[in-house]
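Please look at the entry below before going on.

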Amino acid sequence: MASSTSMEAAGLTLPFLILTFLTISAASSTNQIQILNAERRIDLSSHIVKVFLTLKVENVGTTPASEIVLAFAPAQADHLALVKAQAAIGKKKKKSYVHLDVNPTELPDAPNGTKYFSISLLNPLSSGETATLEVLYILTHSLEPFPAEISQSESQLVYFRDSALILSPYHVKQQTTFLKTPSTKVESFTRVEPTKLAGRELKYGPYEDHPPYSFSPVIVHLENNSPFAVVEELLREVEISHWGNLQITEHYKLVHAGARHKGVFSRVEYQSRPSFSGTSSFKHLLASLPPRVHSVYYRDDIGNISSSHLRSDNRKSELEIEPRYPLFGGWKATFVIGYGLPLEDFLFESPDGKRYLNFSFGCPLAETVVDKLTIKVVLPEGSKDPSAVVPFPVEQRLETKYSYLDVVGRTVLVLENKNVVPEHITPFQVYYTFKPIFMLAEPLMLASVFFLFFMACLAYLHIDLSIRK
């Protein structure tokens, strides 16, 4: 009985010791780092908020540090689309940058709702050493239109909420924040002295010696008439044909996510006074397509839309599209863009004999946010063991699609991601194996169909001649 009691006590003690060790080690890792200088630049020139953060960190502990932790407030964590980091190596003209891995992490003593990301250093930072890190993180749906409704002739005003102090689990010795505004029209802003507004730049700081998790909320009310183009859903279907073509079909559900339009719309006023009427609306979008694109079309449920312009050469292709009507706040448009590409530019063979597609992730439309992106890679019939290599986490699953004259169906690899921004446009690869015997299936079946059609025509002619006689 005593032995069983001691075993239960030992079983309860072991997890407690492990938890205690993790808590102490996490706390010590945050205590041994301090930020000597932090400079944050927030770009509010579009509806996609880009934050450039430069950190000079120092290891004031006794053991080497292998990671730096970034903290985000709950309000920002819900709108965080992307976090990138790089390390500065060298000085001045010889300075270069090296990419660093960034991954979500957790801290045991974190305030409620705080989200953390861990930056893995190339080499552990020894005691007394310093390092400079460049961080880019992007926020979506972070500008709140106020007023929420505007007429055709009014400018769009938005609220931006943040903190004058950088939220960090480390002690910050000195920090400064700069906000770049789209125009010089700033209605109001919270003052946390020293604060200075000059032209299109609002400066907070410098502030010195602030403990971990210092926070000073600020609100900036400013004019922003940039197009708030948001794609609620985007389905990109990439169909591979080993006969030399790569067919792309993109289905868009576009919305203007800015201040909702109120009142009536005057086409005469919109066209006669373009600089004053509908300044926050947009009537055209630019899509960046791969070079050597062909067979481009742009249509909606009504039919083909002729208001588009394609510029293409061997280096890049640009498609300028215009919806059937200008988009004001709250207005929506659905359309389809399709085009073909030469397969030889995107399909390759790996050393182990597998074929792989090298294509770009993300949305081709410039300065747009995609709430939900789905990419379906349709492989030729007979393809097996598909796998995707994407430089960031995505959801993956398999489907089967039946096209014309298919026997067993085509394997479809589905990739899904949310809160996609232009910085997500990076190459990804889809690997698969293929049996060449299936390449003969489609031609043989097509030949069979044409043969049957030919025989049917002969039979019809024979019957018709018999009737005439």
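**Pockets and cavities**

Q: Which residues line the largest cavity?

A: On a 1 Å grid over the protein atoms alone, a cavity is a set of points where a 1.4 Å probe fits but cannot get out, and lining residues have an atom within 4 Å of a point. Here the largest cavity is lined by Ile150, Ser151, Gln152, Glu154, Ala259, His261, Gly278, Thr279, Ser280, Phe328 and Gly329. This is a predicted model, in which local features need pLDDT of at least 70, side-chain atom pairs count only at pLDDT 80 or more, and totals for chains, interfaces and linings use all residues. Residues are numbered from 1 along each chain as its sequence is written, and side-chain values use heavy atoms, with hydrogens and water left out.

Q: What volume does the largest cavity have, and how many cavities of 30 Å³ or more does the structure hold?

A: A volume is the space filled by probe spheres set on the grid points, which are joined across faces, edges and corners. For the largest cavity the volume is about 40 Å³, and the structure holds 3 cavities of 30 Å³ or more.

Q: Which domains and residue classes contribute to the lining of the largest cavity?

A: Domain bounds come from an automatic or database domain assignment. At least three lining residues come from each of domain 1 (33-223) and domain 2 (229-436). Ala, Val, Leu, Ile, Met, Phe, Trp, Tyr, Cys and Pro count as nonpolar, Asp, Glu, Lys and Arg as charged, and the others, Gly among them, as polar. The lining of the largest cavity has 3 nonpolar, 7 polar and 1 charged residues.

Q: What is the volume of the largest pocket, and which residues lie nearest its centre?

A: A pocket is an open set of points with protein on both sides within 12 Å along at least five of seven lines. The largest pocket has about 680 Å³; among its 21 lining residues, Leu82, Val83, Val102, Phe392 and Pro393 lie nearest the centre.

Q: Which element gives the largest share of that lining?

A: Strands (E, at least two residues) and helices (H or I, at least four) are DSSP runs numbered from the N terminus. In the largest pocket, β4 gives the largest share, 5 residues. The lining comprises 11 nonpolar, 5 polar and 5 charged residues.

Q: How many residues line the second largest pocket?

A: The second largest pocket, with about 460 Å³ of space, is lined by 32 residues, of which Ala73, Gln76, Arg161, Asp162 and Ser163 lie nearest its centre. Its lining has 22 nonpolar, 6 polar and 4 charged residues.
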